[in-house]
Every structure is written in C-alpha cells, then in structure tokens.
Amino acid sequence: MSSSYAIEVKGLTKRYGELVAVNGISFAVNRGEIFAFLGPNGAGKTTTVEILECLRKPTSGKAYVLGNDIERNQSEIKKRTGVLPQDFYTYERLTVKETIQYYAGMFDAHPDVDELIRLVDLEDKKNVLFRNLSGGLKQRLGIAVALVNDPEMIFLDEPTSGLDPKARHGVWHLIDGLHKKGKTVFLTTHYMEEAEILADRVGIIHNGTIVALDSPASLISEHGTRNLLILKKTSPKAVPSIEKLGIKAKYDGTTGDVTVHLNHTVGVSEILHTLSSTEVPFGELQLKRSSLEDVFLNLTGVSLEEEEGSI
Amino acid sequence: MSHVVIDLKASLKTFWRDKSTIFWTLAFPTVLILLFGAIFSQSSIRYDLYVQNQDLNDGKATYWSSSLITVLNSTNAFNIHMVDASANGTDYALTNRLSSLIIIPSGFNTSANMALYNQGATTANITFVYDQSTSSAPIVQSIVMSIVDRLNFELSRGIEYLTVEDLAIAPKRFGFIDFFIPGVIGMTAMTTSIFTSVSISARFKQNGIFHKLATTPLRRYEWILSRTIYNILISYLGMAVMMLMGIAVFGMKMTLDAVSLLMVAMASLMFTGLGMIIARFVKDPDGADAAANVITFPMMFLSGTFFQLSQMPQFLQTIAQVLPLTYVNEGLRAAMIFGQTQQAIINTALIAALGIASIVVGSLITKWEED
C-alpha cells in the first residue's frame with residue numbers, strides 16, 4: 001500500500017488508567033522530511049513514537065507508517081523502518097562491527113558494514129566493545145544499527161539526550177546526512193535548538209496534545225515573541241523613558257539589565273536616542289532573536305526549562 | 001532459524017568474554033567438587049549404621065549377635081539403627097538408599113560357638129552391605145573391619161573366628177565423588193539457566209534491548225529458543241569440565257549416556273522457563289539476582305546436591321520431594337551411577353514435561369512490547 005505520507009496519524013489516544021498520555025492527536029509527516037516532535041519529558045513524545053514503532057498499542061485512533069496500519073502490518077513496518085531508541089543499548093560484550101552485523105542478521109540484510117562504520121565515524125572504534133564506548137559513540141553506533149536495513153524512514157527518539165555539545169553536533173551532522181540521502185526522519189527531542197536546526201517541520205506537544213505544527217520559521221513568526229533588546233547594566237529610569245515610545249520594557253534588579261520587547265513601529269536607534277536625551281546610562285547592547293523556546297512559552301504558558309524541572 | 005543462530009553466536013561470544021560468568025558457571029562448581037572431595041575423605045563424624053539381626057531365638061537376639069551389636073555400639077562411631085529381621089536386607093538397603101548395613105545371619109551364634117570350639121577351622125560370618133558411592137561407606141567398612149579384627153584378637157589371640165563378607169550394592173565400584181558430581185552437574189544446569197534467564201531478561205528490559213529487538217523482524221520465540229539452546233550448551237560445557245576434572249583428580253567412574261545428556265538438556269529447558277517466569281515479576285536487575293538466589297539456594301541445599309536426602313530431617317525430605325532439582329539429581333545419579341535407566345527415563349520425562357510447561361508459560365508472559 002502506498003501513501004503520499006510517510007506517517008499519518010488520526011485521533012491517536014493512549015491512556016494508562018486515568019492518565020491520558022496522548023490525547024487524540026492527528027498529524028502527518030511528508031516523505032523525505034525531517035519531522036521533529038518537540039516537548040518536555042512526559043509530554044507524550046516517546047509514547048507516540050513507540051506506538052508508531054509498533055512497541056505500544058494505542059487506546060484509540062489510527063496510525064499508518066509508510067502506508068501500513070500499525071496494528072495490522074507490523075512486520076512490514078519493521079522491515080522498512082529503522083529505530084534509534086532512547087539511550088541505545090545492546091550486548092555489552094559485542095564490538096561495534098559485531099553489533100552492526102548482529103542487527104543486520106536480524107533483518108536478513110547484507111549492508112556494507114565498513115561503510116556504515118565510516119558513515120558514523122567509528123572506524124577507529126570498530127573493534128571496541130560496546131560497553132567501552134562513550135555515550136556519544138553509543139548513540140552513533142545506534143544510528144548505524146538503525147540503518148542496517150537501508151530503511152525508508154528512521155525514528156530517532158531523543159538522539160542527543162545526555163550528550164555533550166560536541167557529541168550532539170556530531171549526531172546532528174549524521175541526521176542531516178540522512179536527510180540529504182532522502183530518508184524520512186521522525187525525531188523526538190526536548191532540545192529546541194535541535195528541532196530548530198534540523199527539522200523541516202516541528203510538532204509541539206504538551207500534555208499529550210499537539211499545540212502547534214509548522215516549519216520552525218513559521219512557528220516563530222506566528223507564535224514567537226518579538227525580538228528582544230537587552231540593555232546591560234542600566235538604570236530603572238530607562239523603563240518609563242522607553243515605555244513612553246509605546247513598547248514594553250522590564251528592569252531586572254538582580255542583573256541591572258533592562259529587556260525591551262521590540263516591535264515593527266519602534267526601531268533600536270529611536271530607543272537609543274531617547275535614552276541619550278534623558279541621560280540614562282547603559283552598558284553594552286544585546287539583540288536576541290525569538291526562538292522555539294518563546295513559541296513554547298507563548299503556547300503553553302510555561303517555559304520548556306520549567307517543564308523539565310517540574311518533572 | 002538464522003536469527004536463532006545469530007543470537008546464539010552473539011550470546012556465546014558474550015559468555016566467552018565475561019570472565020565472572022565463566023567463573024560462576026565453570027570454576028565455582030569445580031572448586032566445590034575439589035573442596036567436598038577433600039572434606040569427605042577426612043570426615044570424623046558419627047555414621048549411620050543399619051543392623052539386621054536375623055539370629056534370633058524366640059524373638060530375642062542370641063548371645064553372640066547381641067554381643068557384636070553391643071561392641072559396635074560401644075565404639076561411639078555409629079548411630080545404630082535396627083532393621084526388621086524379616087526384611088530382605090539387600091533390597092531394604094537399595095530401596096532406602098542405605099549407606100551401610102550389617103546383616104547378622106541366622107545361625108551366627110552357633111557358627112561362632114563352633115569356630116571357638118574348633119579353633120578357627122570354621123568361621124562365623126556377617127555381611128556388610130554398603131553403597132560404595134557414598135562418602136561414609138568406606139569409612140564405616142574400615143571401622144567394622146577393625147572391630148572384627150579386635151574381637152578375633154581378644155577371643156583367640158588372632159585366630160580368625162569371625163569374618164565379614166562384603167556386598168556392594170551399587171553396580172560398579174564408585175566413590176563419593178561419583179555420587180557428588182552428578183548433583184553438581186544438576187545444580188550447575190539450574191543456576192546457569194535460572195540466573196541467565198532472570199538476569200538477561202531483567203537487564204534487557206531495563207536497558208531497552210527488548211524494545212530495540214522488538215523493532216526488528218526477530219520473533220520472540222526465536223530469541224527464547226536461542227536462550228534455551230545457549231543454556232543447554234553452557235550446561236553441557238559445565239558437565240564436560242566437571243567430569244574431566246573428576247576423572248583427572250579423583251579417578252571418577254561414571255556412565256555418560258543419552259539419558260543423562262537428555263536430562264541435562266531438559267533441566268536447562270525447565271530452569272530457563274522458570275527463570276523467565278521469575279523475571280516477569282522483578283523490576284530491575286538487582287531484584288532479579290535476589291529473586292534468583294531465593295529460588296536457587298534452597299533448591300541447591302534441599303535437593304540432594306551435596307548430601308543424600310536420607311541424611312536430612314524428615315520434614316526437609318518432604319520438601320525435597322516437591323523440588324524439581326531433586327528429580328534432576330536423582331535422575332542423573334540413576335543414569336550415571338546406578339545404571340537404573342528406567343528410573344532415569346521416568347525422571348527425565350517428568351522434567352521434560354515440567355520444562356515444556358514452564359517454557360510455554362514463561363514465553364507467554366515475557367513481553368517485549370508495552371501495553
């Protein structure tokens with residue numbers, strides 16, 4: 001069965017007793033795109049991706065992966081998809097090369113193992129046991145394993161969670177490479193930067209519901225705050241002066257900074273001119289662009305970091 | 001089937017690279033055998049000695065038979081247990097798995113008097129029936145012989161009036177170690193299979209390996225089959241190492257036949273299933289190891305692995321009758337020592353039935369996917 005979508009989800013719900021983990025969500029993922037599911041831990045990302053991977057049964061609703069019903073055509077879905085679970089783990093005492101060969105055998109596939117090892121940049125680690133790899137290298141091996149069957153689409157569940165910035169950038173580079181090869185990538189993440197950099201489209205999920213779905217640029221444009229101007233180490237007197245221009249400003253007594261919410265009617269030069277004329281001193285200036293963090297904050301009323309901390 | 005072979009190869013590679021698993025699977029039972037073998041060759045405890053006095057006169061022991069029993073008792077080396085005079089002594093010893101039985105035959109009193117009268121031209125005989133596969137039998141035999149020698153010396157300055165006739169009830173000349181090693185083989189099959197199943201299942205669950213495997217075409221039954229074959233192979237490896245060591249160090253003599261091999265395979269099957277059932281109810285690897293210990297330790301000690309069941313208190317013997325390892329150990333001894341093929345087949349069939357039941361239940365309740 002063919003479908004124009006790589007994934008099509010209609011009214012998907014998953015309940016655990018009284019708890020509704022996923023609440024009637026509907027969305028579609030286009031073939032060949034990187035789709036990111038963004039949300040804090042516990043928002044329903046992993047539950048959704050595991051339903052799509054045929055690891056959990058939905059309470060209600062329908063979902064199709066590469067045109068296959070997730071409840072009826074599981075073997076077909078498994079053959080044509082690759083999965084990187086959260087914190088990929090495998091036989092501790094198999095080497096990198098043996099691990100890839102093991103999973104290739106499970107798919108009855110015959111990939112060029114050395115090529116896969118090169119792809120994830122583990123050539124000098126190919127004879128190292130899995131247990132001796134760092135977290136970042138384990139994830140890279142997990143991506144290689146997810147590719148053993150040359151899948152049409154790949155599920156990556158929190159691929160960079162817990163990795164240091166260098167390892168994270170390495171994994172991003174790999175994901176970008178998969179995209180360029182025409183693979184569809186379904187990515188879950190709670191890192192806004194990751195979704196913003198990698199994804200063609202982002203679905204923001206909160207409390208089991210999709211609150212927004214679009215390209216990162218469109219989401220920021222539609223739901224983001226205006227760009228911010230930060231006046232470092234200035235005086236509280238700056239706030240009334242700036243607000244006379246019809247825009248909002250806020251003084252932070254701890255840092256001594258004033259944050260100004262820019263809009264299209266007032267330019268930065270106008271603000272600086274006002275401050276000079278009223279002789280309000282200020283240190284350096286910082287311009288901050290709106291991000292998916294602001295989108296999340298605007299849509300849910302809480303910041304992603306607060307949500308993470310509350311879990 | 002290729003998935004089974006691939007997973008089996010990966011498991012065997014992992015085993016070979018895991019030194020602690022090798023130690024617990026192979027070295028630990030080997031050390032046990034060496035220790036027990038050494039300890040039981042130097043024991044100095046009181047031994048159970050069964051005595052059947054057939055030499056009765058109006059239901060009362062004759063003078064010489066009574067005297068002999070008194071002397072045996074006075075050594076403080078034995079706990080004397082009297083056996084009904086009407087029983088067939090040899091059958092009684094076999095049925096009750098007695099280590100040592102002295103039969104004082106009817107007419108013993110008359111023979112002793114005759115021997116004294118004719119200065120040893122004739123002798124009075126008693127029969128020493130013993131199970132040479134037990135650790136205590138050779139010791140009891142030597143004590144009995146020294147008592148008889150002493151009696152002869154006291155009565156007649158060394159002229160032999162009283163003789164002891166040996167009657168070994170095991171079919172070949174086996175020692176304690178031959179009895180002991182089948183028990184350790186059974187124990188190793190149990191610990192290997194239960195610990196591997198419980199521990200691997202708990203770790204695979206916690207580390208998300210089951211989730212990853214569930215996203216591949218590998219079927220759950222293929223994985224379970226691979227684990228079962230793995231446990232059987234590791235149990236065979238343990239069996240081979242223990243037998244080779246027994247032969248090299250203790251000059252062990254035992255039969256290795258198809259029934260004993262089948263019993264080890266069925267025991268591994270059963271304990272693999274049991275391990276999977278336990279694994280279903282534990283939450284993490286630490287809990288898994290504790291649960292496996294709770295199951296294996298009592299079974300190890302109560303199923304006649306180290307001692308004969310008859311040496312344990314009656315209530316423990318009753319418990320032993322419901323422990324599957326008891327039937328594994330008895331089946332292995334029946335096949336490997338006593339040559340009781342029929343008994344071994346019955347035990348093997350019982351364990352096979354339990355094995356199929358436990359592996360079916362274990363397979364049904366083991367889940368890779370979440371609800």
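What share of the contacts in chain B between residues at least 6 apart in sequence join residues at least 24 apart? The share is 81%, where two residues are in contact if their C-beta atoms, placed from the backbone, lie within 7 Å. For chain A, the corresponding look at contacts with a separation of 6 or more gives 69% for residues 24 or more positions apart.

All of this comes from a predicted model, in which local features need pLDDT of at least 70, side-chain atom pairs count only at pLDDT 80 or more, and totals for chains, interfaces and linings use all residues. Residues are numbered from 1 along each chain as its sequence is written, while chains are lettered from A and ligands numbered from 1 in the order in which they are written. On the confidence side, the model scores ipTM 0.80 and pTM 0.73. Chain B has a mean pLDDT of 84, with 89% of its residues at 70 or more; pLDDT is the predictor's confidence in each residue, from 0 to 100.

Chain A first. Its secondary structure comes to 12 helices and 14 strands, taken as DSSP runs numbered from the N terminus (helices are H or I with at least four residues, strands are E with at least two). The C-alpha trace of chain A spans about 75 × 45 × 35 Å along its principal axes. Of the 311 residues in chain A, 43% are buried, a label that calls for 20 or more other C-beta atoms within 10 Å of a residue's own, with 12 or fewer counting as exposed, anything in between as partly exposed, and the C-beta atoms placed from the backbone.

One helix pair in chain A can be described in detail. Two packed helices are described by the angle between their axes and the distance between the axes. For helix H5 (residues 135–146) and helix H6 (residues 165–180) of chain A, the axes come within 9 Å and cross at roughly 10 degrees. Here the axes are lines fitted to C-alpha atoms, for helices over the stretch in contact, and angles run from 0 to 180 degrees between N-to-C directions. H5(A) and H6(A) are therefore roughly parallel to each other, on a scale where angles under 35 degrees count as roughly parallel, over 145 as roughly antiparallel, 65 to 115 as roughly perpendicular and the rest as oblique. On the H5(A) side, the residues involved are A:Gly135, A:Gly136, A:Gln139, A:Arg140 and A:Ile143, and they meet A:Ala167, A:Gly170, A:Val171 and A:Leu174 in H6(A). Sorted by class, this contact has 4 nonpolar, 4 polar and 1 charged residues. The classes put Ala, Val, Leu, Ile, Met, Phe, Trp, Tyr, Cys and Pro in nonpolar, Asp, Glu, Lys and Arg in charged, and the others, Gly among them, in polar.

Two loop residues of chain A have a positive phi without being glycine. A:Cys54, with phi of about 70 degrees, lies in the loop between helix H1 (45–52) and strand E4 (60–65) of chain A. A:Cys54 is buried, with 22 other C-beta atoms within 10 Å. A:Asp150 has phi near 45 degrees and is found in the loop between H5 and strand E7 (153–157) of chain A. With 13 other C-beta atoms within 10 Å, A:Asp150 is partly exposed.

Chain B holds 14 helices and 7 strands, and 45% of its 371 residues count as buried. Its domain assignment gives domain 1 (2–39 + 176–365) and domain 2 (47–168), whose centres over C-alpha atoms are separated by 42 Å. Helix H14 (residues 341–365) of chain B includes B:Gln343, which counts as partly exposed with 16 C-beta neighbours inside 10 Å. B:Leu354 also lies in helix H14 of chain B, but is buried, with 20 other C-beta atoms within 10 Å. Leaving out residues up to four places away in sequence, B:Leu354 touches B:Met270 and B:Pro324.

Finally, the two chains meet in a contact that takes 21 residues from chain B and 23 residues from chain A. On the chain B side, helix H1 (2–17) and helix H8 (209–214) are the elements that give two or more residues. H1(B) supplies the largest share of that side, 7 residues. By class, the chain B side divides into 6 nonpolar, 8 polar and 7 charged residues.

How values were computed: Domains from an automatic or database assignment.
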